[in-house]
Amino acid sequence: MQSRTVVVAVLGTTQTLAWASSYYLPAILAGSIGEGIGVPRSWVFGAFTAALLISAFAGPYVGRVIDRYGGRGVLMLSNIVLAAGLAALAAATGPVSLFFAWALLGAGMSLGLYDAAFATLARLYGHDARGPITGITLIAGFASTVGWPLSAYLEHALGWRETCLVWSALNLFVALPLNRFLLPLPRAAAPAEGAAGFSHAPVTWKPYREMFLLAFVFGATWFVTGAMAAHLPRLLELAGATPWEAVAAAALVGPAQVAARLAEFVVMSRVHPLIPARIAATLHPAGVLVLLLAGPPGAMLFVILYGAGNGLLTIARGTVPLAIFGPHGYGARTGLLGAPARATQALAPMLFGFMMDGMGVAVIFVSAGLCLAALGALLCLRAGRAPRDVARG
């Protein structure tokens, strides 16, 4: 079996390509795509929202497949489907072909983003997957830092259709070979009952209390993530920052995420994952307090605190279910837990935008309240490993 360092490097690289060529694509290309095929920009984001919803619904099934067979084949398929979706997007000529392309990309995202990568690591390493999960988020945390400038450069140099084709080629000729030749298969393709904490018993929402609490945590916090990803610069302008100050502050989200993940890896790796998750849930409300008290001068600290919290919560999405429920059925469980989160993330830009229009900067009380509610749910969870019979559903 490949060393963990190689596995982390491979998954970190392929995750960076997958995120940059799917989730982070509309922020740069939506206007050009809409203009190129003759539809409003909002239609492009509507197709993107549909893709996220497709990803949410497909997640549990993808997770079950990874639980049983391992993730290498699923991740390879994701590269092919993402490449096909990007090629279809490059060829789009109207609304029907636009939504078809994004439907393919939604399927590719369900097969190839963090949930699938985390499940792959859990299937390989069981309870010891926490370190590798943190490792791939450290690398893939730069997906927007790499993807946005590269997409913008390629669009300027070649055009938006050619940009989609370049990303398609990167999925086929870089990510696919890396996943095929450098990711190992699990030692047992179909683990026997009781082996390494796995079984074939169906995974459900049991134990209900813990599952629903975590589903609420991820749904609430990913709503905030989706809202900030779409509206952060405008929100800072409503708080009094100039357009330049807003953009400069918003650019700190990526570095803050990576710095927080590095701190989790170095400083907090020996504590229960619930501890950094609880800290993460407090950071956005703390940033809101700073922004309210300091005004525009506090914009950068607000963004840093939000970005750090978001970076830790991304890790928590992978590590908290592993610690509470164990490795059995991890992929299916994270698929179930991730479905509400992906749905709220998909709807967040539209809903938060409507609230901003009606409430102005006071809308930050909504995002802060959601994070505090998530903190309350996290405090209701025990910081201990689930018993074996609970872990098996």
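User: Where does pLDDT stay under 50?
Analyst: This is a predicted model, and its pLDDT stays under 50 over residues 189-200. The model has 28 contacts beyond four places in sequence for that stretch. Residues 386-393 also have a pLDDT below 50, with 22 contacts beyond near neighbours in sequence.

User: How should such parts be read where pLDDT is low?
Analyst: The predicted coordinates should not be read in detail there.

User: And which helix has the lowest confidence, and which the highest?
Analyst: Helix α17 (residues 388-391) is lowest, at a mean of 40, whereas helix α4 (residues 72-90) is highest, at 97. The mean pLDDT of the protein chain is 87, and 92% of its residues reach 70 or more.

User: Changing topic: how many helices and strands are there?
Analyst: The protein chain has 17 helices and zero strands.

User: Now the largest pocket. How much space lies in it?
Analyst: The largest pocket holds about 1200 Å³ of space. Its lining has 45 residues, and Tyr-23, Trp-148, Met-228, Ala-229 and Ala-230 lie nearest its centre.

User: Which helix gives the largest share of that lining?
Analyst: Helix α10 does, with nine residues. Other helices that each supply at least two include α2 (26-37), α3 (41-69) and α8 (143-158).

User: What is the lining like by class?
Analyst: The lining of the largest pocket has 29 nonpolar, 14 polar and two charged residues.

User: How many cavities of 30 Å³ or more are there?
Analyst: The structure holds four. The largest cavity has a volume of about 100 Å³, and its lining includes Trp-19, Tyr-23, Asp-115, Arg-317 and Arg-342. By class, that lining has seven nonpolar, two polar and three charged residues.

User: And what about the second largest cavity?
Analyst: The second largest cavity contains about 60 Å³ of space. Helix α14 gives the most to its lining, with four residues. The lining divides into five nonpolar, five polar and no charged residues; His-284 and Cys-371 are among them.

Terms used: Residues numbered from 1 in each chain as written. Predicted model: local features only at pLDDT ≥ 70, side-chain atom pairs only at ≥ 80, totals over all residues. Heavy atoms only, no water. 1 Å grid on protein atoms, 1.4 Å probe; cavity = no way out; pocket = protein on both sides within 12 Å on 5 of 7 lines; lining within 4 Å. Points joined across faces, edges and corners; volume = space filled by probe spheres on them. Nonpolar A, V, L, I, M, F, W, Y, C, P; charged D, E, K, R; others polar. pLDDT = per-residue confidence, 0-100. Contact = heavy atoms within 4.5 Å.
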